[in-house]
Structure formats: C-alpha cells, structure tokens
Amino acid sequence: QMGLRDSIMIAHSFSGEFFGPAQAMHGETFVVDACFLSKTLDENNVVIDIGAAHDALKAVLSPINYSNLDEKPEFTGENTTTEFLTKYIWEHLAKTARAGGLGRPANELHAIRVTLLESHVARAWYEAEL
C-alpha cells in the first residue's frame, strides 16, 4: 500500500435540523490521506508513482482549498459533510487511476481509500475497489 497526505481548509454550512449548530457557516481544516492499494508491486517494486499520485491529489484539492463549498456549483443542493467529501475526492482519484494517470495500469491497482481527519477525535473514510 502507498499513502499520501495533504490538507485543505474550507467553509460550508449544512441544511436540516439534524445538523444543529452546523447549519450556520463554519470552517474546517481537514487532513487528507489517500491510500492506494495493490495486491502486488510493479516491476519497480512500487504500488504507484508517488509523484503522479501527489499531483492527482493536489488537482482535486486545489479547487476546493480555501473556498466556501456552498458557493461551488458542483455542490449545489449537497450537504458537504466529511463523509461526502471523502467520496468526492475518491471519485476524482479513481478517474485518474482508471485513465492510467498514476504511473500504473488501473487493473493492477486494487482499491483507493480516502480518509479525512476532521479533528483529533473524528475522521471519515471512503474505500472502494477500482
């Protein structure tokens, strides 16, 4: 397995009584972990090209970093919860992997796991096979 870490700072609000005080605009700083899983190493004894994977992670995070997610058209009508964002990031990384953008054919990768650490006590992740 190979993992990378980055971080983002965002602002957002939630709709619905379920969210209590989080219905108001608030900020979050997330630590973002992306883990790429393979059952085997390639001929270079690696899971993926770490540079390509880091570029792919930056490409999905840059447009949302330091932004208000409530103002992003792609999130209209969505509660951009931690869990929602893990899948959103996963989908972008999976698209890059399927296109061969991680330096290894997608059929040689098993899965991707994206974890967002919201605080020292809370985190969420999304993991799925490619």
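1. A pocket, as the word is used in this note, is an open set of grid points with protein on both sides within 12 Å along at least five of seven lines. In this predicted model, the largest pocket holds about 170 Å³ of space.

2. Which residues line the largest pocket? The lining consists of Phe 14, Phe 19, His 26, Glu 28, Thr 81, Thr 82, Glu 83, Glu 118, Ala 122, Arg 123 and Ala 124. Sorted by type, these residues give four nonpolar, three polar and four charged. At least two lining residues come from each of β2, α2 and β5.

3. The sheet comes next. Strands of a sheet pair through backbone hydrogen bonds, either parallel or antiparallel. Here the sheet is open and has five strands, in the order β3-β1-β2-β4-β5, with mixed pairing. The edge positions belong to β3 (67-68) and β5 (123-129); each has a single partner strand, so one side of each is left without a neighbour in the sheet.

4. Strand β4 can be followed through its two pairings. With β2 (residues 26-37), strand β4 (residues 111-117) runs antiparallel, and seven bridges join the two. Strands β4 and β5 also run antiparallel, and they too are joined by seven bridges.

5. In β4, Thr 115 is the bridge partner of Asp 33. In β5, the bridge partner of Thr 115 is Trp 125.

6. Two helices lie across strands of the sheet. Helix α1 (residues 50-61) lies across β1 (2-12) and β2, and runs at about 10 degrees to β1. Helix α2 (residues 82-98) lies across β2, β4 and β5; the angle between α2 and β4 is about 145 degrees.

7. Is Phe 36 buried or exposed? Phe 36, a residue of strand β2, has a relative accessible area of 0%. The cut-off for buried is under 20%, so Phe 36 counts as buried.

8. Leaving aside residues up to four places away in sequence, Phe 36 touches Gln 1, Met 2, Leu 4, Val 47, Ile 48, Ala 53, Leu 93, Leu 102, Ala 111 and Ile 112. His 12 is 24 residues from Phe 36 along the chain, and the C-alpha atoms of the two are separated by 28 Å.

Technical notes:
Residues numbered from 1 in each chain as written. Predicted model: local features only at pLDDT ≥ 70, side-chain atom pairs only at ≥ 80, totals over all residues. Heavy atoms only, no water. Pairing = 2+ DSSP bridges. Helix = DSSP H or I, 4+ residues; strand = E, 2+ residues; numbered from the N terminus. Contact = heavy atoms within 4.5 Å. Axes fitted to C-alpha atoms, helices over the stretch in contact; angles between N-to-C directions. 1 Å grid on protein atoms, 1.4 Å probe; cavity = no way out; pocket = protein on both sides within 12 Å on 5 of 7 lines; lining within 4 Å. Points joined across faces, edges and corners; volume = space filled by probe spheres on them. Nonpolar A, V, L, I, M, F, W, Y, C, P; charged D, E, K, R; others polar. Buried < 20%, exposed > 50% of the residue type's maximum accessible area, 1.4 Å probe, protein only.
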